[in-house]
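Me: I would like to learn how to read helix packing, sheets and chain contacts in a model. Please take me through them.

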Amino acid sequence: MPRLREICHTIRSKQAGPFRLTFDIVFKDEATFRRVREGGSVSKEMIAKLYHQSIDDITHVVFYEPGRAVKVTMIRPKVAGDPGDGDIYGCQQHVPLLDAEVVLA
Amino acid sequence: MRELRAISPGKLGYGCDLPSLERALERDPHYIAIDAGTTDIGAYYLGTGEPFYAPSSIKRDLVPLMRAAHQRKIPLIIGNMVATARNDQLAFGMSVVREVAREESLEFRVAVIPAEIDRAELLRRNSAHALEPLGARAPLTTAEIEESAAVVGQMGVEPILRALDAGADMVVCGRACDDVLFAAVPVREGYDPGLALHMGKILECGAVAFEPGSLHASAIGYLRDDHFVLEAADPERRATVQSVASHTLYERSDPYLQAGPGGINDLSDSRFEQLDEQRVKISGSRWVPAERYLVKLEGARHIGFRSICMTGIRDPILIEQLDDVLATAEKKTRERFAGEGAFQLIFRQYGRNAVMGDLEPTPVAGHEIGLLTEVIGETQALAAAACMFVRGTLQHADYPRILATAGNLAYPISPFTVPCGPVYTFHIDHLVPVADPCELFPFEIERVGRIVAPV
């Protein structure tokens, strides 16, 4: 199974307002996008496990065809800038995705 | 087919690229819009009212924009003035606007639209029926309103329309949803709000939506009745279907349904087409008005005062047992300050798991650790004293197998500890229903730069 870093054009994270963390996983080409979507491994379960979060806190895993991308959004484990939060802007929280393995249909 | 041309010169204060702006102006725009704020910078700016960018940087970007708008007689819309758009930040932004107008001999009828919500007003609105949460976990409480340092409401397109109707040629808004800054002029002219807002959403970051992206460079939107076209001002940047569709995702929770003041922009049927090498055409975005008009509120409250100490640790014998050494230092600090007030002590181990904390997949220390010690106390004096004490305790902490008995911490900076002032947290992210989209956003027209001739 390939790792996301091998098949993606962009893997990024950012806050979507202080209470949400959002991720854009953009595939290199449309064929890969389709194979990942059909493969079915990118899901709320996968994200919850990867980030040690409750599945209820993963608000969106949406395949976005025009951008050949998956949009993932979760409730931030810590509100942006609250004591102990280390990444107010949220742009360095994508790393567990880099080596996540996905099924290609 | 009629067309409305918008230009986005990036972010106010970030440093607009002037040649890029010049090239954008050559397209003969009908208006200029720019965003001057964000919540990405944390609660400090909403709590204190300080500007984010340096005053000189804000002025440096305002000069060419006000000159261009004046010379071409086109509206200039500025939103989120400045930082988190409290009333004092808006007033500061307006002082720079007046200064530029005076120095450059430019006259404007400026509509100023504040967006800070008075606490008493908010209590009144919350009393009958607690306001529902958006990102926050629970409905708004009286205590949360009373504790807030400031609360701002995010305006939609309507208050800007009203200001333009009143004859403003420049509109300076407090907190506004960033896409409405670009949508106001077209919606007033009868263009489709779904397309206008989608265009605004992509334009609000200047040329970030292009390849290569840049927040300094300008972007141009050409809005027509059934589509819009995006183009970079600079020949070396291309709008591509990929770059533009990606930006549609950017910093939003949902790629298809983007909620804003008064409704949802439904992008499920948006089509992205590559027109030529440089330009992308977008159509099919659809505005769906909501049954109830909801305005998003953002608020911050004060939670203490912070002092920090930044040091480096290189000794491998210490790094191996750093968690134990830090726990012991914390225990001694708690004993020393028992009864002197509440404080939080936070160690961040850069080189191990400081960036991701509990989310870190590989919390393995490197050959050196940057240790950021942070104390948040009830008072600045307590934070400073506890931070200095824990620093000293760590500096001379003993640990098993120690060889380096002179000290444990490498200091890059004197003073060793630094007071960071008040600490705030975002605690209000709620929705307030309104009967009139303008009711929270009254405006005033001010003439700036008017030179009164001596009698």
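Predicted model: local features only at pLDDT ≥ 70, side-chain atom pairs only at ≥ 80, totals over all residues.

Me: At what angle do helix α7 of chain B and helix α8 of chain B pack?

Reply: The angle is about 55°, and the axes of α7 (residues 158-165) and α8 (residues 180-188) of chain B are 9 Å apart. Angles from 65 to 115 degrees would count as roughly perpendicular and those under 35 as roughly parallel, so this pair is called oblique. The crossing of α7(B) and α8(B) is right-handed.

Me: Which residues in α7(B) meet α8(B)?

Reply: Ile160(B), Leu161(B) and Leu164(B) do, and their counterparts in α8(B) are Val180(B), Ala184(B), Val187(B) and Arg188(B).

Me: How do strands of a sheet pair?

Reply: They pair through backbone hydrogen bonds, either parallel or antiparallel. In chain B, an open sheet of 10 strands with mixed pairing has the order β12-β13-β9-β8-β1-β2-β3-β7-β4-β19. Its edge strands, β12 (271-274) and β19 (444-448) of chain B, each pair on one side only. Inside this order, β1 (residues 4-8) and β2 (residues 31-37) of chain B run parallel and are joined by two bridges. Ile7(B) has Ile32(B) as its bridge partner in β2(B).

Me: How many residues does each chain give to the contact?

Reply: Chain A gives 37 residues and chain B gives 32 residues. On the side of chain A that touches chain B, 17 residues are nonpolar, 14 are polar and six are charged.

Methods: Residues numbered from 1 in each chain as written. Chains lettered and ligands numbered in written order. Contact = placed C-beta atoms within 7 Å. Nonpolar A, V, L, I, M, F, W, Y, C, P; charged D, E, K, R; others polar. Axes fitted to C-alpha atoms, helices over the stretch in contact; angles between N-to-C directions. Helix = DSSP H or I, 4+ residues; strand = E, 2+ residues; numbered from the N terminus. Parallel < 35°, antiparallel > 145°, perpendicular 65-115°, else oblique. Left-handed = near helix turned anticlockwise from the far one by under 90°. Pairing = 2+ DSSP bridges.
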